[in-house]
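Me: I'm new to this structure and would like to learn how to read it. Could you walk me through it step by step?

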Amino acid sequence: MELCIFCKILKKEIPAKIISEDELSLSFEDINPQAPVHILIIPKKHYSSLIDIPEEEKSLLGHLMIKAREIAKEKGLEKTGYRLVLNTGKDAGQAVFHIHLHLLGGREMSWPPG
Ligand code: 5GP
Ligand code: ZN
């Protein structure tokens, strides 16, 4: 079966600007940044979206959040704040079906999102 684009990044078949890697996750810069800091945090295991993740994997979801917090701190975003986004399915505009957390920061953001 054809690997998804983020699985290809995980296998280093497609280049990406890697921010951090550990046993469970990979973090890399978004190719089309929507803020001065725009990093994607993905699990190494392929799950299409939040809908697919079994409840037993809740610690994996926690891991991604903690990772995002760590990176936000390293990027100096603690004082100004940042946004985590987890687009899920069509109406949310999910384009890549390998679950990923967006870490956005470095500018003021509006609410509600479009
Ligand atoms: P989604 O809309 O699915 O939540 O977001 C997918 C994100 O993946 C988009 O922000 C898009 O710019 C990013 N993206 C898509 N393809 C690539 C790629 O090949 N490399 C990187 N680094 N980011 C990608
Ligand atoms: Zn994948």
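**A guided reading**

Reply: Let's start towards the end of the chain: Pro112 lies in the segment after β5. Strands here are DSSP runs of E with at least two residues, helices are runs of H or I with at least four, and both are numbered from the N terminus. This is a predicted model, in which local features need pLDDT of at least 70 and side-chain atom pairs count only at pLDDT 80 or more, while totals for chains, interfaces and linings use all residues. Residues are numbered from 1 along each chain as its sequence is written, chains are lettered from A and ligands numbered from 1 in the order in which they are written, and side-chain values use heavy atoms, leaving out hydrogens and water.

Me: What kind of peptide bond joins Trp111 and Pro112?

Reply: That bond is cis, with omega about 5°.

Me: How do I read a helix such as α2?

Reply: Begin with its span: the expected value is 1.5 Å times one less than the number of residues. Helix α2 covers residues 58-74, 17 residues, and reaches 25 Å from its first C-alpha to its last, close to the expected 24 Å. Just after α2, Gly76 has a positive phi of about 75°.

Me: Which residues of α2 are buried?

Reply: An α-helix has 3.6 residues a turn, so residues three or four places apart point the same way. Buried means under 20% relative accessible area, exposed over 50%, and partly exposed in between, using a 1.4 Å probe and protein chains only. In α2 the buried residues are Leu60, His63, Leu64, Lys67, Ala68, Ile71 and Ala72. They pack against β1 (18-21), β2 (25-29), β3 (37-43), β4 (82-85) and β5 (101-105).

Me: Which residues make up the largest nonpolar core?

Reply: A nonpolar core is a set of buried Ala, Val, Leu, Ile, Met, Phe, Trp, Tyr and Cys residues joined through side-chain atoms within 4.5 Å. The largest has 10 residues: Val37, Ile39, Ile41, Leu64, Ala68, Ile71, Ala72, Leu77, Leu101 and Leu103. A second, separate core has nine residues, including Cys4, Cys7, Leu40 and Ile42.

Me: Is His100 buried or exposed?

Reply: His100 is found in the loop between β4 and β5, and it counts as buried because its relative accessible area is 6%. Contact means heavy atoms within 4.5 Å. Setting aside neighbours within four places in sequence, His100 is in contact with Phe6, Leu40, Ile41, Ile42, Val85 and Leu86.

Me: Which side chain makes a polar contact with the side chain of His100?

Reply: A polar contact is a pair of N or O atoms within 3.5 Å; within protein, one must be able to donate a hydrogen and the other to accept it, and residues adjacent in sequence count only if both atoms are side-chain atoms. The partner is the side chain of His102, at 3.5 Å. A polar side-chain atom of His100 also lies 2.7 Å from the backbone oxygen of His98.

Me: How many residues surround ligand 1?

Reply: Counting residues with a heavy atom within 4 Å, 16 surround ligand 1, and the closest are Glu29, Asp30, Ala95, His100 and His102. A backbone N or O atom of Glu29 lies 2.9 Å from a nitrogen atom of ligand 1, and a polar backbone atom of Gly93 is 3.0 Å from an oxygen atom of ligand 1.
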